[in-house]
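Please open the model in your viewer and keep the selection panel at hand. The tour moves from one selection to the next and says what is to be found at each stop.

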Amino acid sequence: MKKKFLGSLALAGALVLSACSGGATSDGGGGDSGASSGDSAGARELLIWVDTVREPACLSYQESVAGEIDVTCEVVGQEEILPKIQLSNQTGQGWPDVVFSPPNSAAIYAEESNGYAMNLSDYVDPAIFEAYNTSNDWCLIDGSYYCLKNDLAQTVLWYDTVIFDELGLTVPTTMEEFAATALELQGTGYMAGAVGDQGYYAGYLWPSGCPMADVQDPATVRINPDAPECTRVSDLMQPLVDAGVVDSRSAFDAGFIADVAQQTKVAMQIGPSWWGEFVIRPPDSWAVPEGRITAAEMPTWDGESTAWSGEWGGGIWVASSHAVNPQDAADAAVYLATDPDMREDKVTFPGYQPAFEKWAARVGADPYYAADPTVAMVAQAARIRQDNNPVRFDMRGQIGVLQTEINGGATLEDATRTFMQTLIELAPGVGYTVVD
Amino acid sequence: MVANQVTRSRRPRNIQASAIPGKAAAWIVMVLFALFSVIPMTWLLLAPSKTQPQLQADPPMSFGSFQGYVDAWNNLMLFQDGRLVTWLLNSIWYTGFQVVVASAVAILAGYALAATRMPLRKSMLITTLIAMIVPQVAFVLPLFVEITALGIYDTAWAIILPGTFFPFGVFLSYIYFSTTIPHDLYDAARIDGSGDWGVFFRVALPLSRGLIGMLAFFSFQVNWINFFLPYLVVNSGEVLTLPVGLGILFSSTPALNPQVGANVLPIRGPEIALAGLLVAIPILLVFLASSRLLVRGVLAGSVKS
Amino acid sequence: MFKHRANFMGRINGMLMFLPYLVLLVMFAIVPIVMAASVSMEKSMTNPDGLFGNYLFVLQDFRFLPAVINVSLFLLIYLPAMLIVVAGLSLLLDSIQSRYTVPLRLAYLVPAGITGSVAILVWYFMLEPTYSPFAPIFAEFGWTQGTDIFNASNLIYIFALMTFFTGAGNWIVIQYGSLQSIPDDVLEAARIDGANAFQIAFQIKLPLIRKYLIYMLILVMAAGLQIFVEPYLISSSVYPGIAKDWSLNQLGYTLAFLGSNLGAATALSLMLLLVMVVLALIVIFRTDFFDEAKTKIKEA
C-alpha cells in the first residue's frame with residue numbers, strides 16, 4: 001500500500017511537470033524572450049554570435065555604438081550555430097539578435113516552422129539591397145531577404161605566375177585545358193592543388209552544375225548522382241589524383257601545408273576569393289612569397305557558355321525575429337555585412353558594392369599579388385551557378401562527410417555518390433520530394 | 001573484508017627463485033604499460049612550454065622554456081577576454097557544490113538504508129542499483145526536456161543539480177555502513193538512549209572518513225569532466241564549464257583546425273594544450289591523492305566474491 | 001510500547017534521512033524519463049498518429065543501423081582489451097609484491113584525467129605524425145600522414161584506444177585492490193601444494209576476482225554504449241565530418257538539434273535507456289552479484 005502511494009506520488013509529480021512543459025517543445029513562437037533583455041527605459045542590448053574571424057568586426061561595432069547599445073560579442077563555432085539556434089527554438093529562449101552563420105542554413109532559418117530569421121526587407125533600407133546587385137540573391141527566399149551576405153566566396157583559379165613562367169604554361173580557360181596543364185606538372189614536383197576539403201564541392205561539383213541541392217520548389221529538390229554534370233567531374237579529376245598532381249588531402253592539412261604548400265609547390269588551385277588573403281599569404285599558413293600569386297577566371301566546362309563558379313563559404317548575417325529591438329538587430333547586421341571602412345582590411349570579398357570598391361582598391365594595389373586578382377573575382381561574382389540552393393536539411397554536415405571520404409582514399413566518384421546518397425536520404429525527413 | 005584488509009601481510013605472495021625470467025618479463029610488461037600511460041600526460045605538460053613551430057619541429061618530449069607557459073596563458077586570455085578563467089571558476093564551484101551536496105545526501109541515504117527502519121528499503125536499493133549501472137549520459141536528452149520545462153535552462157543550476165543525484169554514492173555508503181560498522185555499536189548507542197539521528201551523528205559519521213573520501217573522489221571525477229549534459233543545457237559561454245569550454249576552443253580557434261581564424265587568434269597547439277592541462281590536472285591530482293583508497297579495495301565488500 | 005514507538009520513530013527518521021536522495025531520484029531520474037516519453041509520443045511530421053511513429057522512424061533511419069554497428073564493433077574491441085589488460089596487469093602487479101610497484105601503480109592512474117574533450121586533444125597530437133612522440137613507430141607501418149591514421153575505417157580503433165587509455169589504468173589499480181583482499185592462507189596453501197606463479201594467478205586468483213572483472217565490464221560497457229563526446233568533438237572540429245552520426249547518442253543529438261526532431265531524439269534515447277535498464281536488471285536479478293548487498297537489508 002505504501003509502495004503504491006509513493007509510486008503514484010512520483011507519477012503525479014511527473015505528470016504535473018509534464019503538463020507545465022507545454023512550452024518545452026513548441027518552437028519559435030511562444031515566449032519571445034530574446035537574448036537581449038532590453039528594458040524599455042534602460043540601455044538597449046544586443047547579443048551577436050560570430051566566429052573567430054568575425055570577432056574583430058563585432059568588436060568594432062560594439063565600439064561604434066557604445067553608450068547607446070550594449071553589444072555582447074560571443075564567439076561560437078560555426079558547426080554549432082545551427083544546433084544552438086534549434087536549441088533556442090526548443091527552449092524558447094537564448095536566441096542571438098544577430099548571428100554570423102554558414103550560408104547553407106539560410107533556408108532552415110527562413111522556414112516557418114523554424115522562424116528564426118527576421119525578414120530583413122521589413123527593416124533594412126532597400127538601397128542596401130540594390131547596392132548588392134545580385135550578390136545577395138542567396139538570401140532571397142520566397143521574395144524576401146532573410147539574410148545579408150557577409151561576403152562572396154566565388155571560386156576563381158589561383159595560380160603562381162613564377163611557376164607558370166618557369167614551366168612555360170599558359171593559364172587554362174577550359175576544364176579540359178586545366179586537366180592537361182595539371183598533367184604537365186607530373187614529375188616536376190609541382191601540384192595543382194588539393195581537393196580533400198570543401199573545395200571539391202565548391203570549386204568543381206558546383207560550377208559543373210552537379211544537381212546536389214537544386215531546389216525546384218519548397219517541396220521538391222533535384223538530387224541526381226548519375227547526371228552527366230556530376231560524373232564528368234570525377235572523370236576529369238580522378239586521373240589527376242591518380243597521377244599525383246592533385247592532392248587528396250585537405251588544403252589545410254598539416255602534412256599538405258608542410259610538404260607542398262609551404263614549399264611553394266602549388267602551381268595552381270581552384271579556390272575561393274578569400275584564398276589569397278586567408279590561405280596563400282599568411283606566414284602561419286602557406287606563406288607563399290610576394291609577387292607570384294594572382295587569380296584568373298574559372299575554366300569553363302565543356303558545353304557550358306559561362307565560366308561558372310561555386311562558393312566556398314560566403315557566410316551570412318541573420319537577424320533574429322525574436323529580437324526585442326528588431327531595428328537595432330537589423331542595423332547591426334547591416335553594419336557587419338556592409339560597412340566599407342570596417343570591411344576594407346578584412347580577408348573576404350564584400351558583396352556590397354561600396355564596401356567592395358574599398359576592398360578591391362586595397363587588394364588590387366597590394367604588391368603582394370603579381371597582378372590584380374580582383375578583376376577575375378569581379379567577373380566571377382556574377383557567375384555563381386544558381387542551381388545549388390539553401391536547403392532545409394543539414395547540407396554543411398554532409399559536405400564534411402564528402403571530404404572525409406576523399407581524405408580516406410575513396411575514388412572521387414564513390415565519394416560523390418556516397419555524399420549524394422545521404423542527401424537523398426535526408427531530404428524526405430524535412431518534407432522534400434527528390435526528383436532526378 | 002575490512003579485517004582482512006587491515007591485517008594484509010607483507011610477505012611476498014608467491015615468488016620463486018626459478019621464476020626470474022618470468023619476473024623480468026613481468027617487469028618489462030608492467031613498465032611498458034606505465035610508459036604508455038605516462039607519455040601522453042608528459043607531452044601535455046611539456047607542450048605549452050614550446051611555440052607552435054617548436055611543437056612541430058622539436059622532439060616531442062623536449063622542454064621549451066618557462067616563458068612558453070606564460071605566453072600560452074596570455075594568448076588563451078585573448079579568447080573572449082579571459083573567458084577561460086570564467087570557465088575554470090565555474091568548474092570549480094559547480095563541482096565543489098556537487099561534491100558536497102551529493103556526498104551529504106548519499107551518506108544520509110546510505111545510512112538510512114543500512115541502519116534505520118525506513119520502509120521500502122529493498123525497492124529503494126534495487127532502484128539505486130539500476131540507477132548506478134545506467135550512466136547519466138543515458139538520461140541527457142530526457143534531462144534536457146525536463147530542465148527546459150523547469151525553466152532553469154541556461155543557468156548554472158541546470159548543470160549542478162543533476163550532478164547531485166549520486167546513486168553509486170548511496171550504494172557505497174550503504175555497503176560501508178552495513179559492513180564496516182558492527183551492529184553492536186548501533187545497538188549500544190540506542191540502548192544509551194540515542195535516536196537514529198543521534199546514532200548517526202555520534203557513531204556513524206565519525207567513523208566514515210574513508211567513506212567520505214571515496215564519495216568525494218567519485219563524485220568529483222564524474223562531475224568535473226562532464227561534457228554532454230552541460231553542453232546541451234547551457235547555451236551561454238559564461239555559464240559553461242571548462243571541459244565544454246575546451247570543446248569550444250577546438251571549434252573556434254585554429255589550434256586543431258586551421259580553417260578557423262588562423263591569423264586572427266594566436267591560439268595554437270601550445271595554448272590548447274595548456275587549456276587541456278587545466279582540465280586534466282585536477283583529476284590527476286585527485287586520483288594520485290586517492291590512490292590508497294583505490295588500492296584498499298573500493299569493490300571489496302560491495303560486490304562480494 | 002517503547003519498542004513500538006521506537007519502531008515508528010525509526011521509520012520516520014529513516015524516511016527523513018532518505019528523503020533528499022529520494023527527491024533527487026524522482027527529479028533527475030524518474031521525471032525526465034516520463035517527460036521524454038511524453039515528448040516522444042507527441043504528434044509531429046514523423047509521428048502523425050501520436051503513438052510510436054517516432055520509434056519506427058528512428059529504427060528505419062538510414063543512420064541508425066550503421067551507428068549500432070559502429071558502437072558494437074567498438075565494444076567488441078574495447079571490452080576484451082580491457083579484460084585482458086586489466087586482469088593481466090593487476091595479476092602481474094599482485095604476483096610481484098615489491099615496493100617498487102608503487103610508482104607503477106601511480107603511473108597507471110595518470111591517464112585518468114585524459115577523458116572527454118581532453119582525450120581528443122591529447123590523442124590528436126599523439127596520433128598526428130607531425131607532432132607525435134610515436135611517429136617513428138608509425139613510420140614503421142607506413143603511416144606518415146594524419147589521414148593515414150585519422151580516417152573513417154580506423155575510427156573504431158581510435159575511440160577504443162581513447163577510452164581504453166583513460167579507463168584501463170585506474171581499473172588495474174582497483175582490481176589490484178580487490179586482489180589484496182584474497183586471504184593469504186588460500187595462497188599459502190596453493191604454494192605448499194607446489195603451484196607456480198602462473199597456476200596461482202590463473203587458477204586461484206582469477207576466479208576469485210572474476211566477479212569484480214565482470215562488474216567492471218558491465219559498467220564499462222554501459223558507458224561505452226553511450227559514447228558521444230569523443231566522436232562528436234573529433235567530427236565537429238578536428239576532422240569535420242569524419243565521424244558524423246557515428247554513435248547512437250550522436251544520432252540522437254543530430255535528430256534533436258540538426259533535424260529539429262526532438263520527438264525522434266527522445267525516442268532513441270529511451271530505447272537506449274531501456275537496453276541499459278534491462279542489462280542492469282539482468283545483473284541484479286539473474287546473477288548473484290548483489291545478493292550479499294540485498295540480504296544485508298534483511299539483517300538490519
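Begin with the largest pocket, which holds about 910 Å³ of space; a pocket here is an open set of points on a 1 Å grid over the protein atoms alone, where a 1.4 Å probe fits and protein lies on both sides within 12 Å along at least five of seven lines, and the volume is the space filled by probe spheres set on the points, which are joined across faces, edges and corners. This is a predicted model, in which local features need pLDDT of at least 70 and side-chain atom pairs count only at pLDDT 80 or more, while totals for chains, interfaces and linings use all residues. Residues are numbered from 1 along each chain as its sequence is written, chains are lettered from A and ligands numbered from 1 in the order in which they are written, and side-chain values use heavy atoms, with hydrogens and water left out.

To centre the view, select A:Gly429, A:Val430, C:Gly259, C:Ser260 and C:Asn261, which lie nearest the centre of the pocket among its 39 lining residues, a lining residue being one with an atom within 4 Å of a point. Next colour helix H4 (78-91) and helix H18 (412-426) of chain A, then helix H2 (53-60), helix H12 (248-257) and helix H13 (262-286) of chain C, each of which supplies at least two residues of this lining; helices are DSSP runs of H or I with at least four residues, numbered from the N terminus. By class, the lining has 12 nonpolar, 17 polar and 10 charged residues, with Gly counted as polar.

Now show chain B with chain A, where 32 residues of chain B and 30 residues of chain A are in contact, that is, have heavy atoms within 4.5 Å. The two bury about 2600 Å² between them, 58% of it on carbon and sulfur atoms, buried area being the accessible area (1.4 Å probe) lost by both parts on being put together. On the chain B side, select B:Gln80, B:Asn235 and B:Gln259, which lose the most area to chain A. Then find A:Glu74 and B:Arg83, whose closest N and O atoms are 2.9 Å apart in a salt bridge (a side-chain nitrogen of Lys or Arg within 4 Å of a carboxyl oxygen of Asp or Glu).

Finally, turn to chain C and chain B, which bury about 11000 Å² between them, 76% of it on carbon and sulfur atoms. Helix H1 (residues 2-40) of chain C gives the largest share of the chain C side, 25 residues.
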